[in-house]
Structures are given as C-alpha cells and as structure tokens.
Amino acid sequence: MKEVAMKKRLTAAVLAALMLLTGCNAEPVEAEIKIPILEGDSSKSYRTAKAELYDITTDINIGASIEYPFAETYPIEFDTNLLEYNVKKGDMLKEGDVIAVFDSSALSYELRNQQIATDSAYSGYAATGSAAARLEYEQQAKLLELVQYRVDQYTIRAPYDCIVVTAEYFETGQAVEAGTPVVTVAKPDEVYVTVERDRDSFAFGKPVKLKFGTNETYRGHVAMMPETGREKVLIAFDEGELERAQAEAGNIVSAGWATVITQIFNKYGILCIPKDAVMQYSGTTYCYIEENGERARIQIETGETVNDVTIILSGLSEGDIVSY
C-alpha cells in the first residue's frame, strides 16, 4: 500500500508539471522543475553530504637525479704517460692539491736550455748594466716562463676547494692521448636535484619536497628553469636541508637518484561534492539532492575529481544537500 501511495504522488507531480508546461494561458516557467525519482525500495537509506567550498591540492612524485650539474672536467692536453694519480671519487680537495702527474720529459731538454740562456742573459746584464743587456734578460726570462708553464700543464691540480665527482682509472706508466679526461670536480655545495621531464609541473621559486630512499622528506625549491627542451630543471636544497639529508639518508649524491614531490593542482574556495555522489547516464551528469524530504535528480556540470571530491561548475549551490 505504501508503494502504491508513493506512485500516486509521483503521478500527481508529473501531471502537475505537464499542466504547467502545456497550459494555454500559463505564464512562462522560469524555475527548474525537479521531479522526485523513486528508485526501488523506498525504505533504502542513503548517505548525504553538503555541497561545500574546498581548498584542493594534490601532489605527484617525479623521478629525478641528484648531481653536480656545474661540475668541470679537466683533460690532459698532450700525448704522454701517467706517472701518478692521487684521487678517487668523493675525495675533498683543497685548491692546488695534486690530482695527477704526467711525464713531461719531452720538455726537459728545452727547459734546461732555456734556463741556461736566461742565466747567461742575467749574468750579462749584471756585468754591464746596459739597457740592451736588460732587455735581453727580460726576453729570455719570459721565454723561460712560457716553457715552465707548458711543463706545469703535465701536473693536474685542484683548481679550487672541490669534490671529486668523477675519477678515471689509470695505471702508472699508461700512455694517455691528448684530450683524455683526467678528473671531474665541482664545488661541494653546488649539489642540485635535476628533472628532465614534466617541466610543466614546475616554476621558478616553486617549493617542493625531496626524498632519497626513505620516508623522510626534505625541503627544496626550483632554482633554475630550462630555456630549451634539452636543459634540466634545477632544484636547490633549502638552507640546512642538504646537510640534514646527508646525515640521515647517507651518501645521497653517490646513489644518484631522488624523488621530487610537487603540487600540480592548487585551487581555493572551490564548490565540491563527494565523487560518489556524481552520476552519469547517456552523456548526462547528474546528482540527487534532498529537497522537502524527498530525493530529486538535478543535472550538474563538473570539473576535475581530486582527493575523492568532484568540482561542481554549475547546477548546485553551497549548502545544497546531496544524497548517494
């Protein structure tokens, strides 16, 4: 009997709506007519929720590398043989520390002869004091400096306080061709996390979180955006975060990889309802609202679904009660 009574109410509502729409002398209907929808057992219980304003953010994880992007590689400039090699990857060097020594004996004869010529020119200048003798001595001394400079190029030294990023594998006495890389070094604090893809997820100065194989996260920010598609996004550590990561996560640079956590969706004061309250049928998106003690179906326009809520673009107002 209860079901029959409810069907009668439904029929009456439908007839009333049709009379309003088709009456010859009726005024235009401006308000939307919401027709109650009965679904199966009328005693069925439904969840309800308010259409509310949300602040929505969501994160994505992006695979990245941790490296020294401004590292410099130093080659040997001559065909020669290796005499000694003193470094390994990860070594901390002071400016001027000897990295490698190569055989410069090819210049020994030239260096010795130029030293003799310079000493002789100095003796002549000391004996006569003439301007011509002084000029001769200065010329010979300059030639000696040039030869000595060439000899010095056979010894590779740390150009500044640095860390060894890449060390080569040489054997003593090994023949090495001109242009062969000897070592790659960088300033110890120029460590960056780099990203080669998903560039649209970043902007200069944007804060991010960084992970290195543990659940702990570290604060960073975008320090450089690429000017071309071939360049990388550079992410710098916030102050103190690199030291904390190295202490807690081990040798993160040697591991060589990282995870960048960044927000890709960030909107405030957006009208939303639970995603489960959104229905679709035959190309129409709708939901049910509670109105005057009954459920009514209403068409809605939706945006993205984020964190289990769906953005409502039209069809609902803040405070409307939806049931699902």
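Leaving aside neighbours within four places in sequence, Ala167 is in contact with Tyr85, Val87, Lys88 and Lys89. Contact here means heavy atoms within 4.5 Å. Ala167 is found in strand β8, residues 162-167. Strands (E, at least two residues) and helices (H or I, at least four) are DSSP runs, numbered from the N terminus. At 14% relative accessibility, Ala167 counts as buried. The cut-offs are under 20% relative accessible area for buried, over 50% for exposed, and partly exposed in between, with a 1.4 Å probe and protein chains only. The C-alpha atoms of Ala167 and Val183 are 5.1 Å apart, although 16 residues separate the two along the chain.

This is a predicted model: local features need pLDDT of at least 70, side-chain atom pairs count only at pLDDT 80 or more, and totals for chains, interfaces and linings use all residues. Residues are numbered from 1 along each chain as its sequence is written, and side-chain values use heavy atoms, with hydrogens and water left out. The pLDDT is the predictor's confidence in each residue, from 0 to 100. Its mean over the chain is 85, and 86% of the residues reach 70 or more. Over residues 1-41 the pLDDT is below 50, and this stretch has 28 contacts in the model beyond near neighbours in sequence.

Turn now to strand β14, residues 233-237. Five of its five residues are buried, so the strand is largely enclosed by the rest of the structure. In a regular strand the side chains alternate between the two faces of the sheet. Both faces of β14 are covered: Val233, Ile235 and Phe237 are buried on one side, Leu234 and Ala236 on the other.

Strand β14 has pairing partners. Two strands pair if DSSP finds at least two bridges between them. Strand β11 (residues 192-195) runs antiparallel to β14 and is joined to it by three bridges. Within that pairing, Val193 has Ile235 as its bridge partner. Strand β13 (residues 218-224) also pairs with β14 in the antiparallel sense, over four bridges. There, His221 stands opposite Ala236.

Stay with β11 for Thr194, which is found in that strand. At 2% relative accessibility, Thr194 counts as buried. Its side chain and that of Glu67 are joined by a polar contact of 2.5 Å. Such a contact is a pair of N or O atoms within 3.5 Å; within protein, one must be able to donate a hydrogen and the other to accept it, and residues adjacent in sequence count only if both atoms are side-chain atoms. Beyond neighbours within four places in sequence, Thr194 is in contact with residues including Ala64, Ser65, Val233 and Leu234.

Another sheet is open and has four strands, in the order β7-β6-β4-β9, with antiparallel pairing. β7 (155-157) and β9 (175-176) stand at the edges with a single partner strand each, so one side of each is left without a neighbour in the sheet. Strand β6 (residues 98-102) pairs with β7 over three bridges. Val101 stands opposite Thr155 in β7.

Last comes helix α2, residues 108-128. Its 21 residues reach 31 Å from first C-alpha to last, close to the 30 Å expected at 1.5 Å a residue. That expected span is 1.5 Å times one less than the number of residues. Gln114, Thr118 and Ala121 are buried in α2. Seen down the axis, the buried residues fall within an arc of 65 degrees, so they line one face of the helix. The arc is that of the directions from the helix axis to the C-beta atoms. These buried residues pack against α3 (131-152). The face turned away from the buried side carries the exposed residues Tyr109, Ile116, Ala126 and Ala127. Gly129 follows α2, with a positive phi near 70 degrees.
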